[in-house]
Amino acid sequence: MESHGLTYDGCNFFRQRLVLSTLSGKRVKIKNIRSKDDNPGLRDFEASFIRLLDKVTNGSRIEINQTGTVLFYQPGLLYGGAVEHDCNTQRSIGYYLEALLMLAPFMKMSLKATLRGVTNDPIDPTVDLLKSSALPVMKRFGIDGEGFDLKVVKRGMAPGGGGEVVFTCPVRRTIKPVQLADPGKIKRIRGVAYSVRVSPQMANRIVESARGVLNQFLPDIYIYTDHMKGPNSGKSPGFGLTIVAETLNGSFLSAEMSSTPQGQGDPVLPEDLGRNCAKLLLEEIHRGGCVDSSNQSLALLLMTLGQQDVSKVLLGPLSPYTIEFLRHIRDFFQIMFKIEVQKPSEEESKGGDKVLMTCVGVGYSNINKTLK
């Protein structure tokens, strides 16, 4: 193993490794990718992800062996600019977007990425979820401005896809440290119920059943219905719901569900979907913290890359994905977090155990950004 490269085994946490490698400039080698599988090597969606990385960087070197079981990646400079990419429909656009959110602020030119494919599916975070919960997290760290937006131009449900989103993000020289230790109480719930290529009534049925659960807790609930028609509705039928609870201190906790893709398993009733999604949101509120479970790793990455000052963020119980992400941050940036478990006090026996994450940023500075 070379002194300044890292080697990993297997296909898990594939995006984490490539994203952190790109940001830290350390080359990475991933071997034994599904080598025991009947169909070994990289999947199409992973190859598509590598192509996207290649489009936003300049001078990356990527070598893959013949069977696709070994990948060598030497990151180039993050370049940005206008990028178009057709995402593989095995995974939704959210799979690719999660990584772009982590890289976008450190490009040389502001990024304008047009991604096509599946906007909503049951596996990955949907575009609506990222818009309503990941963007506010990034704003907390000072990534903001009029050019910071995520637009759904067309919806595409799995398995056919046909959706299109545009993500624009300004560049930042540095990331500011944050202190988010008190999420505050929930003040309102907002959401969007979407339906494509099915009766527009579906979305109304979802809203009604979700409200049936949430109205017991809170009066201020507004769920939009979004019914796209014609060419904007993608290639497959489906519906779903994304809901977000906003706290007094400006934290966003989110939950979502999408209908089962056409031809894959039992169909879902819109009433059940609305109710189950509302329960998922209540579970997310129970877990609590200033950042919801789907954006834990994004927040931890931005804390790591902050200026050389202390950042603190209160999170709910860490997801397995986040725990692995912390190990990778240690490998690539030599940053260790101080982790304090906080039990809820007796009089507020609300929610699960919280974890206060503290670290000193590496003082990452965007060397690619051209000085105007």
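Me: What makes the residues of α7 count as buried?
Reply: In this predicted model, the buried residues of α7 are Gln296, Ser297, Leu298, Ala299, Leu300, Leu301, Leu302, Met303 and Thr304. Buried means under 20% relative accessible area.

Me: Why is helix α1 called mostly covered?
Reply: In α1 (residues 14-24), 10 of its 11 residues fall under the 20% limit, so they count as buried. Among them are Phe14, Arg15, Gln16, Leu18 and Leu23. After α1 comes Gly25, with a positive phi near 75 degrees.

Me: Why is Phe13 called partly exposed?
Reply: Its relative accessible area is 23%. Buried needs under 20% and exposed over 50%, so a value in between is partly exposed. Phe13 sits in the loop between β1 and α1, and its phi is positive, near 55 degrees, though the residue is not a glycine.

Me: Is Arg34 buried or exposed, and how do you know?
Reply: Arg34 has a relative accessible area of 18%, which is under 20%, so it is buried. Arg34 also has a positive phi, about 50 degrees, without being a glycine. It belongs to the loop between β2 (27-31) and α2.

Me: What makes these phi values worth a remark?
Reply: Most residues other than glycine have a negative phi, and most peptide bonds are trans. Pro159 is in the loop between β9 (149-154) and β10.

Me: How many aromatic pairs are there?
Reply: Counting rings whose centres lie within 6.5 Å, there are 11 aromatic pairs.

Me: Why is the pair of Phe49 and Tyr95 called edge-to-face?
Reply: The ring centres are 5.9 Å apart, which is within 6.5 Å, so the two rings pair. The planes stand at 65 degrees, and over 60 counts as edge-to-face. Phe49 is in helix α2 (residues 44-56) and Tyr95 in helix α3 (residues 93-103), so the pair ties together parts 46 residues apart in sequence. Phe49 is buried at 1% relative accessibility, and Tyr95 is buried at 4%.

Me: What makes Phe106 and Tyr364 a pair that links distant parts of the chain?
Reply: Their centres are 5.2 Å apart and their planes at 80 degrees, an edge-to-face pair. Phe106 is in the loop between α3 and β8 (109-117), while Tyr364 is in the segment after β18 (354-360), 258 residues apart. Phe106 and Tyr364 are both buried.

Me: How do you know that the charged end of Arg91 sits over the ring of Phe45?
Reply: The charged end of Arg91 is 5.1 Å from the centre of that ring. The limit is 6 Å, together with an angle within 35 degrees of the ring normal. Phe45 is also in an aromatic cluster with Phe14, Phe49, Tyr95 and Tyr96.

Me: Which residues have the most contacts inside the largest nonpolar core?
Reply: They are Leu18, Leu23 and Phe167, in a core of 78 residues. The largest share of this core, 9 residues, comes from α3. Leaving out residues up to four places away in sequence, Leu18 touches Val28, Ile30, Phe49, Ile50, Leu53, Leu71 and Tyr73. Another core, of 21 residues, lies apart from it and includes Ala203 and Ile221.

Conventions
Residues are numbered from 1 along each chain as its sequence is written. This is a predicted model: local features need pLDDT of at least 70, side-chain atom pairs count only at pLDDT 80 or more; totals for chains, interfaces and linings use all residues. Side-chain values use heavy atoms; hydrogens and water are left out. Rings of Phe, Tyr and Trp (its six-membered ring) pair if their centres lie within 6.5 Å; planes under 30 degrees apart count as stacked, over 60 as edge-to-face and the rest as tilted. Helices (H or I, at least four residues) and strands (E, at least two) are DSSP runs, numbered from the N terminus. Buried means under 20% relative accessible area, exposed over 50%, partly exposed in between (1.4 Å probe, protein chains only). A nonpolar core is a set of buried Ala, Val, Leu, Ile, Met, Phe, Trp, Tyr and Cys residues joined through side-chain atoms within 4.5 Å. Contact means heavy atoms within 4.5 Å.
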